[in-house]
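Reader: Could you walk me through how to read the features of a multi-chain model?

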Amino acid sequence: MTDVLTPVLTDDWDAAQSWKLATYESRGGYGALKKALGMNQDDIITAVKDSGLRGRGGAGFPTGMKWSFIPQDNPKPKYLVVNADESEPGTCKDIPLMMATPHTLVEGVAISSYAIRANKAFIYIRGEVLHVIRRVQAAVAEAYEAGHLGKNIHGSGYDLDIVVHAGAGAYICGEETALLEGLEGRRGQPRLRPPFPAVAGLYASPTVINNVESIASVPSIIAHGAEWFASMGTEKSKGYGIFSLSGHVANPCQYEAPLGITLRKLIELAGGIRAGHELKFWTPGGSSTPLLTADHLDIPLDFEGVSGAGSMLGTRALQIFDETTCVVRAVLRWTEFYKHESCGKCTPCREGTWWLTQTLTRLEKGQGTPGDLDLLLDQCENILGRSFCALGDGATSPISSSIQYFREEYLAHLEHGGCPFDPLASTAFAIEGANA
Amino acid sequence: MTAELVKTNQVTVTIDGIQVSVPADTLVIRAAEEIGVQIPRFCDHPLLAPAGACRQCLVDIPDAGNGRGFPKPQASCTLPVAEGMVVNTQATSPVADKAQQGVMEFLLINHPLDCPVCDKGGECPLQNQAMSNGQGESRFAESGGVKRVFPKPINLAPQVLLDRERCIVCQRCTRFADEIAGDPFIALVERGAQQQIGIAEGVEFLSYFSGNTIQICPVGALTSAAYRFRSRPFDLVSSASIADHDACGSAIRVDHRRGKVMRRMAGDDRDVNEEWITDKDRFAFVSTRLDDRLTHPQVRDTETGELRAASWPEAFAVAARGLAAAKKKVGLLPGGRLTAEDAYAWSKFARVTVRTNNIDFRARPLGADHGAEEAAFLASTVVLGAPGAGAVTYADLETASAVLLAGLEPEDEAGTIFLRLRKANRATGARVFAISAVGTRGLAKVDGTLLPTVPGAEAAALAAVASNSDVALDSHSVILVGERLAVVPGALAAAVELARSTGARLAWVPRRAGDRGAVETGCLPTLLPGGRPVADAMARVDLAEAWGVDAVTGKDGLSGSQILDALRDGDLNALVVGGVDPADVLPSGGVDKKLRKALKKAFVISLEVRSSEFTELADVVFPVAPASDKAGTFINWEGRVRSFPKVLDHPSSLPDVRVLAGIAEERGRSIGVRTPEQAWAEIVKVGPWSGERAGFEAPASAAAPQPAAGQLVLASWKQLLDDGRGQDGDEHLRASVRPPVALVSAGTLTSLGLTAGDEVELAGPLGRLRLPVAVGEVAEGVVWAPASAPGASVRHQVGPAGSAVTLVGGTK
Amino acid sequence: MSIESQTYDELVEISQRYPEKRSGLLPMLHLVQSASGQVTAEGIKACAEILEISEAEVSGVATFYTMYKRRPVGDYHVGVCTNTLCAVMGGDLIFERLKDHLDVGNDETADGRPGDSATISLEHIECNAACDYAPVMMVNWEFLDNQTPESAVSVVDDLRAGKPVHSTRGPKLVTWKEAERVLAGFNDGLADEGPSAGPASLVGLKIARENSWTAPASNAAGTATAVADTKQAAVEQADTSRAESETLAEES
């Protein structure tokens, strides 16, 4: 029986100077790279396939299969791009990982690049996390110094260069083709597909784009084997993952556990909902995944379990809100976020988020009509699946799910002529008696 | 192509229950058009790469051809058909219909709905499709929605304005600028709901093709300074016509109202200009209604010596008397802007009425041999060529393995060719090479390679191409030579030889709309209509028979520059001239006092649209009709016949053919035709010469002139937008002229001790001019400057291309 | 403000890090900001020239990303997260308090006061991936975790007074221009400052240690046979409304 928590990626986070190469190597770091360099590349891809690792950036597509789509008969250079543009509201796993143990990522990049025969890899980090960028830059420099990167790595004949690329403020660049646009020095607007990045991605060359956590998981799979990884998790959702609890729990925190753990268990570990309060709603994987409620505390947090409850596992960004939180305010703020981050390329997302925000603002002020709820749902229907990329879809998730679970609360705003909640009550410092 | 191949390239899909077979790779939106289903769209444009941005064209695909459907509606503008695909459009699918209605509603929430005051109202795809595919009421307005607003319209370019609140950011304009024109000076800026079309601070959208963005804008966001607020589409009468500013033969549409052209638009002709035209073709049409338009004939009063108004019969009579007095000592300079019909009238007038071969349409420098080599080249290699008869076409440019340019800068001198070369390069990577002194922006935009050549050395450069393995011309290649090669001894001969030795095909690209028609109709001293060589007695007899005259003279004629020389020397007594600036013809580039005096003394008949320098020298002035005011035909560089109808009726002027007929009849030597229609009928009747073509004796190629120490060779040509009189009257267009510079290589700049940006003095045989100096890809020892920039006319103030010049800086 | 030749050379250097030089544009614009305090027309021109693209194209990029500023920002650029979770946890109140305290609106720079040794600009920002430290404030893109209105005011006051302020998970704060230089890829040697992780990041690990919970031993065995091994099955298993690239049913 697997333990409740299974620290792998987070296991070094409490080490002194955990970000340093010496620390990492002292705990076996770069052993997997050396092992991998002795393996046939296709065997590495097979191992990752066999491990059952599914993309940790939200969609859950099998990572090994993604790698196998790279056409090796294509004469163009192959590229690995790490999506470190962690921006989905509520998601806060890759940033602490890169800050604490950037070498896990660098080693993962080296093994993954070797497997797909890429000699150049890019780590696209959102620009708003200066110290994380410093740490990753420094780790890459240390890895070069130690011969883990560069020419003829450990005498294998394999060459790899890594460029750390800082973004500049655009949520949409978490979408992989928009990220490629940003990496090519363009406006971060998603590309038409096909062609898919595996065939024509960066510089129209075969490209694999993976999330930080997916790539950082690769060294452990190589070191311990596919079966080890597959021994954790549930039937179709294998391995461990970082679960980020934020908001109204006693101890907001990161938990690394096999997929399939429940929120009930996680909240218990986090010391419960903050004292004197009760769970009202939560996001399983960031704001783009439909809200769930206390009725869903026991669903297994794996791809299938959350999907079965009408939402998505996403990035395991568990934002917990208690009864002091106004769901209309919460949803309005997310909608404003999507409006702010809409790239502008397609009509439904660009204009739809503009309109949704207006409708919600009126409702939040208690100025709308009950009919506005149906209007909102119809607008969502006209955006969901009609937009160019998933950003528009994500924008509809909090709205339609909140109306599903909290229609009465919307109506209460109308009856009350405004928001019936005290915004101070929900703050982290409310209990300390601080006042604004 | 075999039947089997055709079959495998076809794909059968079912759209709204109807099976249709279309070529593989056809987009669903166009496959639907095949069965008459119009899917609404905004960002989609058949000549632009698919964007999938507006999402208006969503359709339901229950079966993608693999038995599985798409879970959500798909943009039909980005989805290629697949065998067995099933498509349900708004006509049959409630899902597609709802999706489209939803997108339309979103598009309209922030649209100002100011159709009653919008220039696009009545011809607006948004308006039309909102009516056909949208809802009557606005839920946004009902729910108290607040529209996005932007402050007043902004100028993207002098002639292009943007009303941002009307824009639906379909990106057609930016995609055109980037993909088609290669001028990405407009771009999407800002993000999300604030996303808009913009330019960089202080850097305007200066593109020769900017006006096309206005035409393809599916809303009223882009408007032209010239047309804005002037008219409503439903007040306009549209006539198909042909652009008259270059030899490309672009199809245009002329929209007019109450006898006045309000705007010109690109016509749609996939064989020629597709759907694009230059800004010159679009905006330069007001010059014929300026105050200097001639509205009645004038004759010089024998008493006062001044021009006075005259009746048509009087003017015909005075002209006829003057010509009779001059005997055969007459020269004719018809110019290069005539329709083929008018050019034919001039040609026949010269031979039948005046009985001379002193006629030359070439209103440009002809070189030391007075244009003899070029005339021989035209007679042997160019005349009678046509699409379908072996001549190079636009389609050939698109599929060529390589294109070699010599004496031609397509973006400046033949914009439609430039666009086609860019299309070819982007589609197939076709390589373009230029024998030129300058690697222009236009060349860079076709990813072209400069074969740096000092002006005058083009013949040697052409000869050297034969052994240049990088260029590697073959039978799928094309050599395009421009009229500027006429001044370089041996260059055209070298081009002919290069074509012969490599198998490449050769075409001549002149600058003016009437140039090629003038060749075909014999407005050359050595050539008669239908390609009949003057020197060929059989050809003259054939023509005399067709014309019903006793004989056609075989006496050697004078070329343009020889005619002016002869006038100067008193060897000619009369001149019939059609809007030609003598300064453009003379090898020295300027009109000397002696010539001016001689012209004053000679009997001059001027056929002009607007008064000019010649008006004051003329003894009889006939107001002739511009292209808009008569039916006619331009023959473009391909040899393609481009006929157009009369658009406007201005009885105050007449086509050249009618004027010349009037003079001829008064002279008693009728030219037999009075109208363009009659002239065309006779051109057809006379037909092409079926006898032996004139040969082309390669002249001895002279060594390129070597400039003295401290001198540079001047490279120069007329840019698309310049001081040309045809562009007069549109200040917005003229404001978009490229600022003149003296362009040299970095090495030359250093050797002259100059810094880029310095103001320098360019001095040549005619004088001097101050210009800022800039660095570019320029052959060493060469300075390039525009021939005809407004206010900085290098051709008149410094000298013609090939002149030895100096560049001196330091005095700011 | 014109671009100095050293900056110009560094812009060229950035463009050379990539197989295709246009890829350098984002870090190049960061460097322009580092040198000029904002994105300037001259900086746009220099980037366009180096990358051989139009200034309009550079402007399109410079106006797309929110970290690029077209007005001068302060020596310290303060961002208060007001995305939902931080807003609810107090971010809204912090932002209001700072606006009031600095007497500025969103994305504005406060007037310097006599005696101030640094200027402050204020912006409300979106989720900065530190939700377990809500409410979060960023100063020059360094984390200041678990803020209150009072702590936020004291941070900006200290910065104005020239007192050293440390990131809760990083070094002593550098200026905005210095920070932008790091984003352009020029190392400032401060990577080793600060802790490995903040306290919230370590809660789970601490509980695991207390309970002796670990990942399985290397010989643990399981199989992933239920995980999709065909493209179509993978598409069906994956979340269809996310990460479209893998989930679009291809017709091939």
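Predicted model: local features only at pLDDT ≥ 70, side-chain atom pairs only at ≥ 80, totals over all residues.

Reader: Fine. How much area do chain C and chain A bury between them?

Author: The size of an interface is often given as the accessible area lost when the parts come together. Buried area here is taken with a 1.4 Å probe and summed over both parts. For chain C and chain A the figure is about 9200 Å², 60% of it on carbon and sulfur atoms. Counting contacts (heavy atoms within 4.5 Å), 106 residues of chain C touch 128 residues of chain A.

Reader: And how many salt bridges are there between chain C and chain A?

Author: A salt bridge needs a side-chain nitrogen of Lys or Arg within 4 Å of a carboxyl oxygen of Asp or Glu. Between chain C and chain A the count is seven. Take Lys20(A) with Asp192(C): their closest N and O atoms are 2.8 Å apart.

Reader: Which helix gives the largest share of the side of chain C that touches chain A?

Author: Helices are DSSP runs of H or I with at least four residues, strands are E runs of at least two, and both are numbered from the N terminus. Helix 5 (residues 84-102) of chain C gives the largest share, ten residues. By class, that side of chain C has 56 nonpolar, 29 polar and 21 charged residues. Here Ala, Val, Leu, Ile, Met, Phe, Trp, Tyr, Cys and Pro count as nonpolar, Asp, Glu, Lys and Arg as charged, and the others, Gly among them, as polar.

Reader: Now chain B. How many residues of chain B are in contact with chain A?

Author: 39 residues of chain B meet 32 residues of chain A. Chain B and chain A bury about 2900 Å² between them, with 51% of it on carbon and sulfur atoms. Lys98(B), Phe106(B) and Arg191(B) supply 26% of the area that chain B buries against chain A, more than any other three residues. Six salt bridges cross this interface, including Lys72(B) with Asp393(A) at 3.8 Å between the closest N and O atoms. Helix 3 of chain B gives the most to the side of chain B that touches chain A, with nine residues.

Reader: How do I describe helix 16 of chain A against helix 3 of chain B?

Author: Two packed helices are described by the angle between their axes and the distance between the axes. Axes are lines fitted to C-alpha atoms, for helices over the stretch in contact, with angles from 0 to 180 degrees between N-to-C directions. Helix 16 (residues 371-383) of chain A and helix 3 (residues 94-109) of chain B have axes that come within 9 Å and cross at roughly 105 degrees. That makes the two helices roughly perpendicular, a label for 65 to 115 degrees. Residues meeting there include Asp378(A) and Glu381(A) from helix 16 of chain A, and Lys98(B) and Phe106(B) from helix 3 of chain B.

Reader: What does the side chain of Glu190(B) make a polar contact with?

Author: The partner is the side chain of Arg70(C), at 2.4 Å. Glu190(B) sits in the loop between strand 8 and strand 9 (196-198) of chain B.

Definitions and conventions
Residues numbered from 1 in each chain as written. Chains lettered and ligands numbered in written order. Heavy atoms only, no water. Parallel < 35°, antiparallel > 145°, perpendicular 65-115°, else oblique. Buried area = accessible area lost by both parts, 1.4 Å probe. Polar contact = N/O pair within 3.5 Å; in protein donor to acceptor, adjacent residues only side chain to side chain.
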